[in-house]
Amino acid sequence: MSPISVALEYLVTETSALTGRIGRYIDASTMGVLDRSGVLSLNRPGLASPNGSCRLFRAADGWMAANFARDEDRDLAPAWLSCDSGPDLWGDIAVHAAFHTRATLIERASLLGLPVASVGEITSSSFEPALLNYGMGTSRRGPLSVVDLSALWAGPLCAAVLAAAGAAVTRIESSRRPDPTRLSSPDFFHRLNGLKQCVSLDLGDFEGQERLRETISVADVLVTSARPRAFVGLGLDPEWVFATNPGLVWVAITGYGWTGDGAARVAFGDDAAAAGGLVRWTKRGAPRFLGDALADPITGLVAAAGAIRGLIDGGGVIVDVSLARSAAAAASLCRIPPAP
């Protein structure tokens, strides 16, 4: 049994009830999108995440997690640690992080765009995301239209639930930066996106950006998984978006929230789970990962439920869904046994 099964069961039940209000009742636990076992080569969780890209380590004042799945992140590690680069990235982190506080390492990581977290820094007892009001809201007519501009796991899972419920989902990918999941786990990519119409656009080109804005202007729901500043260059300033489409429900999935200091921080499923305290602790007070990128499936279900609630209320909102906050809510609900 999954250590977060209680949280997943709660969210699956909630999402199923809500999907019936916009279309078909969906049992997300039968969709094969809540875990990646069987589609990725995964190790047992410990100080390293099952996929091996994220590690737990000690800073001067406590435990942290860093996720270096991308080559460009590894290249920035020396600047983050203020040290010379060596062949052993995790060895360098183990040695040099001990000379810095968690706050210093998080601040530097935020400036460099690195996914770094302090274990248990975020707490929450509620899965319900914040709603940021931008539009007046309108009554929806006709079939539900969704634009999925997200990548990896949580955002595509949210849109997959809406597609299974009967929504017409258009998945838009950048031709310059396609979703990494296409290559790393194509079978899982198909589970998440098989019911969607996939469109590739050059989002670095004016014509591609114009087509994207036109598509969003007539959508009921927009699902994204990037930081707020990423949308400025696409001409997707929230004020313009909601002036053009006042009834839109924009599901904005980020690491630490759409507003505030955390809006600039990058996060993925494993480091966000650690940030939310979704870890096991040994008797000696050391954390261990619980499973594979657990913040992602939890957040995907939270986002789907938030999208539907936004629609029921008439739209005109950004549904502010945080990976770390969703993980923290799961940690507060689950009874996590200690690590051996």
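**Reading packing and salt bridges in a predicted model**

Leaving aside neighbours within four places in sequence, Leu-278 is in contact with Ile-4, Ala-273, Leu-290, Leu-294, Ile-298, Ala-327, Ala-330, Ala-331 and Ile-336. The model is predicted.

Me: Which residues of the largest nonpolar core touch the most other members?

Reply: A nonpolar core is a set of buried nonpolar residues joined through side-chain atoms within 4.5 Å. The largest one here has 64 residues, and Leu-162, Val-221, Val-251, Leu-278 and Ile-298 touch the most other members. Helix H11, residues 295–312, gives the most to this core, with 10 residues. There is also a second, separate core of 21 residues, which includes Leu-149, Ile-172, Ile-216 and Ala-219.

Me: How should I read a helix that has a buried side? Which residues of helix H4 are buried?

Reply: An α-helix has 3.6 residues a turn, so residues three or four places apart point the same way. In H4, residues 102–112, the buried ones are Leu-105, Ile-106, Ala-109 and Ser-110. Seen down the axis of H4, these buried residues fall within an arc of 135°, so they line one face of the helix. The face turned away from that buried side carries the exposed residues Ala-103, Glu-107 and Leu-111.

Me: What do the buried residues of H4 pack against?

Reply: They pack against strand S1 (54–59), strand S2 (62–67), helix H2 (71–81) and strand S3 (116–118). Take Leu-105 as the example. This residue of helix H4 is buried, with a relative accessible area of 0%. Not counting residues up to four places away in sequence, Leu-105 touches Phe-57, Ala-59, Met-64, Trp-80, Leu-81, Ala-97, His-100 and Val-116. For a sense of distance across the model, Leu-105 and Leu-192 are 87 residues apart in sequence and 34 Å apart in space, C-alpha to C-alpha.

Me: Which residues of helix H3 are buried?

Reply: In H3, residues 89–96, the buried residues are Leu-89, Trp-90, Asp-92 and Ile-93. They cover an arc of only 155° around the axis, which puts them on the same side of H3. The buried residues of H3 pack against S1, S2 and H2.

Me: Now the charged pairs. How many salt bridges does the structure hold?

Reply: A pair counts when a side-chain nitrogen of Lys or Arg is within 4 Å of a carboxyl oxygen of Asp or Glu. The structure holds 12 salt bridges. One of them joins the side chains of Arg-70 and Asp-73, at 2.7 Å from N to O. Arg-70 is partly exposed, at 24% relative accessibility, whereas Asp-73 is buried, at 2%.

Me: Are Glu-173 and Arg-171 buried or exposed?

Reply: Glu-173 counts as buried at 7% relative accessibility, and Arg-171 is buried at 0%. The two form a salt bridge, with their closest N and O atoms 3.5 Å apart.

Me: What does the pair of Asp-202 and Arg-176 tie together?

Reply: Their side chains meet in a salt bridge, 2.6 Å from N to O. Asp-202 lies in the loop between strand S7 (197–201) and helix H8 (206–217), and Arg-176 in the loop between strand S6 (168–174) and helix H6 (181–184), so the pair ties together parts that are 26 residues apart in sequence. Asp-202 is partly exposed, at 29% relative accessible area, and Arg-176 is exposed, at 56%.

Me: Let us turn to the backbone. Which residues have a positive phi although they are not glycine?

Reply: Among them are Leu-152, with a phi of about 70°, and Ala-293, with a phi of about 45°. Leu-152 lies in the loop between strand S5 (145–148) and helix H5 (154–164) and is partly exposed, at 32% relative accessible area. Ala-293 lies in the loop between strand S11 (287–289) and H11 and counts as buried, at 3%. A glycine case is Gly-113, which follows H4 and has a positive phi near 75°.

Me: Which residues form a nonpolar patch on the surface?

Reply: Val-6, Tyr-10 and Leu-333 form one, with about 270 Å² of accessible area together. Leu-333 sits in helix H12, residues 323–333, and is partly exposed, with a relative accessible area of 37%.

Note on methods:
Residues are numbered from 1 along each chain as its sequence is written. This is a predicted model: local features need pLDDT of at least 70, side-chain atom pairs count only at pLDDT 80 or more; totals for chains, interfaces and linings use all residues. Side-chain values use heavy atoms; hydrogens and water are left out. Buried means under 20% relative accessible area, exposed over 50%, partly exposed in between (1.4 Å probe, protein chains only). Helices (H or I, at least four residues) and strands (E, at least two) are DSSP runs, numbered from the N terminus. The arc is that of the directions from the helix axis to the C-beta atoms. Contact means heavy atoms within 4.5 Å. Patches are made of residues with over 30% relative accessible area and no salt bridge: like charges are joined within 9 Å, nonpolar side chains (Val, Leu, Ile, Met, Phe, Trp, Tyr) within 5 Å. Accessible areas come from the Shrake-Rupley method with a 1.4 Å probe; for residues, only the protein chains shown count as cover.
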